[in-house]
Amino acid sequence: MLIDAYDVALLDLDGVVYRGRRPVENAADSLAKARAQGMRLAYVTNNASRTPSAVAGLLTSLGVPATAEDVVTSAQAAARLLAERLPAGARVLVVGDTALRHALYAQGLTPVSTAAERPEAVVQGFSPNLGYGLIAEGAQAVRNGALFVASNGDFTVPAPSGPPKPGNGSLSQVIRYATGVAPIVTGKPETPLHRESILRTGAERPLIVGDRLDTDIEGAHNGGADSLLVFTGVSDPLMALTAPPHHRPTYLAPDLTGLLVEHPPVEERAGVHTCGGWSAAWDGPAVRLSGGGNPWHGLYALAAAAWRDEAPAPREAVEPALAGLRLG
Ligand SMILES: [Mg+2]
């Protein structure tokens, strides 16, 4: 089981533990069991607008007891990166929210809000209250030579209902366009947030757990860590099967119960990938899957075949076999 093979789970939040403000099915129960059996848990979020204690409060209200120390944010990763590059007490212009300011204080930096204060860096993090005046101050400071850091590069954020809304990756393009300077990004999939999580938890065998291929799973690849993809958020099994190499997870599960079940190894012989009672192999332009038993073992066999080549498997090559698996 993954709780035995890894010492710390670095868990993404939205789409893994909660969706908006609603708990994800089986999350609280699975995490309680994992913790009871000795796995340490840390919650790693690209969201820079909530403080760690606000995130911990939300988790606790959803039945997942957590303290501020259990939460690692992209704002904290940004603050650490700035503290490593700037002298102690350096002024940093914050184009963002209170949570980002708190993270800078914690690293001994001085948050400011105008270019006239001659900041040595500008840091931008998601805030729904961002105004033109502050963005313009940030752009001016970057033009004056300040280091430009963005807490994350997500172009969108999930909305409680309806289509996604603009995220920090979109908002930070304003300063980028105005100055021609691209920000250093600290959130997933870039490595500073992963590094912050490892430093904070002391993890020796971390397992990244997430729902997004282009942040969580790519971040795990960039950090050299194993990963578990859960299907309670934005990804579905077809997206995983047709993913390029840097978006392919180590493990697959419907939800966080995946921490507590066996993931049998896939064996390959003469092009046939076998897992549990299932076998998958290329047959002309498509993967053929046969056998029976636990359908998630069938998905592992299918994924191993689909991931044979560097090039992503075409949708048509895996869709029929996937449709035959009743993943529930
Ligand atoms: Mg997520």
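Predicted model: local features only at pLDDT ≥ 70, side-chain atom pairs only at ≥ 80, totals over all residues.
**Entry 1, the magnesium ion.** I looked up which protein atoms reach the magnesium ion, and I found Asp-12 (OD), Asp-14 (O) and Asp-211 (OD) as its donors, at 2.0 to 2.2 Å. Along the chain these donors follow the spacing D-x1-D-x196-D. Asp-12 sits in the loop between strand 1 (8–11) and strand 2 (18–19), while Asp-211 sits in the loop between strand 13 (206–210) and helix 10 (213–223), so this pair ties together parts that are 199 residues apart in sequence. I also checked the exposure of the two, and both Asp-12 and Asp-211 are buried.

I went through helix 3 (residues 52–61) and noted Pro-52, Val-55, Ala-56, Leu-58 and Leu-59 as buried. These residues cover an arc of only 160 degrees around the axis, which puts them on the same side of helix 3. I then asked what covers them, and the cover includes strand 2, strand 4 (40–45), strand 5 (71–73) and helix 4. Just after helix 3, I noted that Gly-63 takes a positive phi of about 90 degrees.

Gln-76 has a relative accessible area of 17%, and since the cut-off for buried is under 20%, I record Gln-76 as buried. Leaving out residues up to four places away in sequence, I list Pro-52, Val-71, Ala-103, Glu-196 and Arg-200 as the residues that Gln-76 touches. With Arg-200, the side chain of Gln-76 also forms a polar contact of 3.0 Å, side chain to side chain.

Note on methods
Residues numbered from 1 in each chain as written. Heavy atoms only, no water. Donors = N, O, S within 2.8 Å, 3.2 Å for Na, K, Ca; no water. Helix = DSSP H or I, 4+ residues; strand = E, 2+ residues; numbered from the N terminus. Buried < 20%, exposed > 50% of the residue type's maximum accessible area, 1.4 Å probe, protein only. Polar contact = N/O pair within 3.5 Å; in protein donor to acceptor, adjacent residues only side chain to side chain. Contact = heavy atoms within 4.5 Å. Arc of directions from axis to C-beta.
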